[in-house]
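User: I would like to learn how to read surface and core features in a protein model. Please take me through one.

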Amino acid sequence: MTAAQADLRIDRPSVEDGAALWRLAKESGTLDLNSSYSYLLWCRDFAATSAVARAESGEPVGFVTGYVRPEDPHTLLVWQVAVDAAHRGRGLAAALLDGLTARIAAERPLTAVETTITPGNTASERLFTSYADRHGATVTREVLFDAGLFPDGPHDPEVLYRIGPLVF
């Protein structure tokens, strides 16, 4: 963590954090907002593969949610990353991603990280390409979900970024 992040603590989310994660996702302005119920479930069922940054008050100010792919147990799929507007620009998203993958790699073999990014989301593109650079890994890209697959109206395609091989 940088000096600007020294007042923050990164740990696992709890069910009590679900509402704050929903709020952070809603206020991000870029994430697909899921139901508040889904964030509660995420904090219960996928806490081991997610991370939250807490202010001194204990309130979440950022998060990364993910899961280990059932068909590829050495791959972490990062679902969402969000940082409160007041804490952006300090490297918190990168610290969350690095901390989460280091924790998971200490518990099980982890050789790749995947995420999907919509075209034009330059902040996410930078976050994940810089992650690959820091870990000496390559990035491959391919459309995972074409725009026409989304039943709820216009949606940009989701491009799969696969980062690996990772060595911890």
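User: Which residues form a nonpolar patch on the surface?

Analyst: A patch takes residues with over 30% relative accessible area and no salt bridge (a Lys or Arg side-chain nitrogen within 4 Å of an Asp or Glu carboxyl oxygen); nonpolar side chains (Val, Leu, Ile, Met, Phe, Trp, Tyr) are joined within 5 Å. Here Leu144, Phe145 and Leu149 form one, with about 280 Å² of accessible area together, by the Shrake-Rupley method with a 1.4 Å probe. This is a predicted model, where local features need pLDDT of at least 70 and side-chain atom pairs 80 or more, while totals for chains, interfaces and linings use all residues. Numbering starts from 1 along each chain, and side-chain values use heavy atoms, without hydrogens or water.

User: Is Asp84 buried or exposed?

Analyst: Buried means under 20% relative accessible area, exposed over 50%, and partly exposed in between (1.4 Å probe, protein chains only). Asp84 is buried because its relative accessible area is 18%, whereas Leu144 is partly exposed at 36%.

User: What does Asp84 touch?

Analyst: Contact means heavy atoms within 4.5 Å. Not counting residues up to four places away in sequence, Asp84 touches Arg23, Leu24, Glu27 and Val61.

User: How many residues has the largest nonpolar core?

Analyst: A nonpolar core is a set of buried Ala, Val, Leu, Ile, Met, Phe, Trp, Tyr and Cys residues joined through side-chain atoms within 4.5 Å. The largest has 29 residues, and Val78, Phe128 and Ile163 are among those with the most contacts inside it. A second, separate core of eight residues includes Leu21, Ala25, Val52 and Phe63.

Note on methods. Patch = residues over 30% accessible without salt bridge, like charges linked within 9 Å, V, L, I, M, F, W, Y side chains within 5 Å.
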